[in-house]
Amino acid sequence: MSLQEIILQQLINGILIGSFYSLVALGYTMVYGIIKLLNFAHGDIYMVGAFVGFVVLGLVSGILGAGWAGIIISMLASMLIVGLLGVGIQRVAYRPLLKAPRLSILITAVGVSLVLYNFVMVLTNGEFMAFNTDLSFAGIDLGSVRVTYTQMILVIATASLMLGLHWFINKTMYGRAMRAIAIDQDACRLMGINVNKTIALTFFVGSALAAAAGVMAGVYYGSINFFMGFVIGLKAFTAAVIGGIGSIPGAMVGGLILGLLEAIGTQLPMVGSEWKDVFAFVILILLLVFKPTGILGKSEIERM
Amino acid sequence: MKNLIAQTRLMDGIYKALDNKLIRYGVYLLLVTLVILTPLFANNYVLEILTNTWFYVVLCLGLNIVVGYAGLLDLGYAAFFAIGAYTTGILSSVFGMNFWLTIPFSIVLSGISGVVIGGPTLRLRSDYLAIVTLGFGEITRLVVRNLSITGGASGLIGINRPTVFGVYLSKINHFYYMFFILVLIAIFVSYRLYHSRLGRAWQYIREDEDAAEAMGIDRVKFKLYAFVIGAIFGGVAGSFFAIKMTAISPETFIFTQSAMILLAVVLGGMGKIPGVVLGAGILVLFPEIFRAVGQSRMLLFGIVLIVIMIFRPQGIWPDRRN
């Protein structure tokens, strides 16, 4: 492969992986924006999303086959189920602690993460599951680089989910309520906004997006496991910080930037693919040193 | 639930009784004597478990400085423990250095990594520290897995054990006493720190950060002290771990390890030394007693973590707030 082809290949990988990061980062940043909680369980929610999609696909593939029709149905089902799971988690584990010291709710979030992670581990016996689909490797060849139709559809799907979210946040009443609560929760309560319901809705949307990313990752990689959410949770957080935590467009941009940086970074001499995760983490630390507010974040200094 | 509340009431009563100085010192003396005499009648299995308990007590006391005293969440504590263990492991097995000389290196290296991680992060909201330490824990494990000097995925073997006063440390009761001495030192240091100017500053920051800063406490500096001291505790514990096991591998330092240490601190009662010791004891004994739980142990731990934070955030043996 020539250098240009390598770069092209890495750009495609970067955009695809980056769009998964963006979808997960959106959930982080939305929850953070509204209740200032770093939801550690978010990576695991992505993982659970992949498994729910896997189970639903297994159920519907008898009727619809494991082509796009089946995948879309299982993705929507996973988004709905996992969205509700997110609301349930919020109700049981986070809502009682919203007024407690910050440390309490952070520790509960770790607890939720442990529960989801280990629950799936026990259920699957710690094994990898093959995410079988009927998708072909057909695509468009650019030199020796092939862009498959699957890759294109996945990128289009993430882009439409993000556009949908953008519309939801900026144009609907619920989106306006979310933005208002992020600014001043008490004032919103006085204005008659149902704060608890809006927070629950935020968890629903954030978890549903993570679930969609999980199912798409399953389709793309062809295999899922119980620990797939751990590293992506960290990466998505890094993406959210790159874009400026609390900023929704920031999370979208941050995910793509991180995906591209990683894809290019692994091609550098001295940075092999086994150092990929270390590379992302070094970016996070450097960012926190030099630009903690990220690209699109507000420059206010907040304290605990 | 009612039963549980009645039980915790009863325990609160016991702690009240311990507030009496005479009773308290009597109980402590009894406990220490018991611990010293145990190897005379206990078998190797019991000693092994107790040694393991002492080891976790030291780790938990270290994390307690970060979480309990300063109110910061460190989710990658196993990384500092790994740094200490690998420092001693490499220096003694590759360079043939005496064990006692490797400890200062462990202290310096774990301290430096504490500064590198804590320095930039502690200036920001405290939640950032949690996720950055989570990442740091994972990265440390990946680094020791990928480097050749750390032995890669299979780890380091053949770490030399030291000689103390002419005795070559090899039997379980040697380690039993050695770790118990370490526990006593850790308790002493924790106690002194808590009642020092530094300790009071931490409590102030934990309770009200803005008020603390208004009183002239440099919150970033004091938080960094807590984080680095906690890191050093972990590093030293790691050094001793390395010579006890003589072999270390990256899989010892997974996230689960950090989560378990955190659970022990939270379970026992953040900020209170006896509570943390109790938490560490429960942590080690639980899987030994309930062997049937097996693989789903961490699932249960996660649930316990959530339940405690919602229903008894002060832990089983809480800190007495003045």
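**Exercise 1. Contacts and overall form of chain B**

Among contacts in chain B between residues at least 6 apart in sequence, work out what percentage join residues at least 24 apart, then describe the chain's overall form.

*Solution.* Keep in mind that this is a predicted model.

- Step 1: take the chain B contacts whose partners sit at least 6 apart in sequence; 79% of them link residues at least 24 apart.
- Step 2: list the secondary structure, and you get 13 helices and 2 strands for chain B.
- Step 3: the globule rule gives 20 Å for 322 residues, and the radius of gyration of chain B is 20 Å, so chain B is as compact as a globular protein of that length.
- Step 4: along the principal axes, the C-alpha atoms of chain B fill a box of roughly 55 × 50 × 40 Å.
- Step 5: for burial, 47% of the 322 residues of chain B count as buried.

**Exercise 2. The largest nonpolar core**

Find which residues touch the most other members of the largest nonpolar core.

*Solution.* 

- Step 1: the core has 197 residues, and the ones touching the most other members are V24(A), A212(A), C60(B) and A226(B).
- Step 2: helix α10 of chain B, residues 219–245, supplies the largest share of this core, with 16 residues.
- Step 3: zoom in on A212(A) and skip its neighbours within four places in sequence; its contacts are then L23(A), G49(A), M75(A), M79(A) and L161(A).

**Exercise 3. Where the chains meet**

How many residues does the contact take from chain A and from chain B?

*Solution.* 

- Step 1: chain A puts in 34 residues and chain B puts in 37 residues.
- Step 2: on the side of chain A that touches chain B, the elements giving two or more residues are α4 (102–124), α9 (228–243) and α11 (276–290) of chain A.
- Step 3: α4(A) gives the most to that side, at 14 residues.
- Step 4: sort that side of chain A by class and you have 25 nonpolar, 4 polar and 5 charged residues.

Notes. Residues are numbered from 1 along each chain as its sequence is written. Chains are lettered from A and ligands numbered from 1 in the order in which they are written. This is a predicted model: local features need pLDDT of at least 70, side-chain atom pairs count only at pLDDT 80 or more; totals for chains, interfaces and linings use all residues. A nonpolar core is a set of buried Ala, Val, Leu, Ile, Met, Phe, Trp, Tyr and Cys residues joined through C-beta atoms within 7 Å. A residue is buried if 20 or more other C-beta atoms lie within 10 Å of its own, exposed if 12 or fewer, and partly exposed in between; C-beta atoms are placed from the backbone. Helices (H or I, at least four residues) and strands (E, at least two) are DSSP runs, numbered from the N terminus. Two residues are in contact if their C-beta atoms, placed from the backbone, lie within 7 Å. Ala, Val, Leu, Ile, Met, Phe, Trp, Tyr, Cys and Pro count as nonpolar, Asp, Glu, Lys and Arg as charged, and the others, Gly among them, as polar. The radius of gyration is taken over C-alpha atoms; the globule rule is 2.2 Å times the number of residues to the power 0.38.
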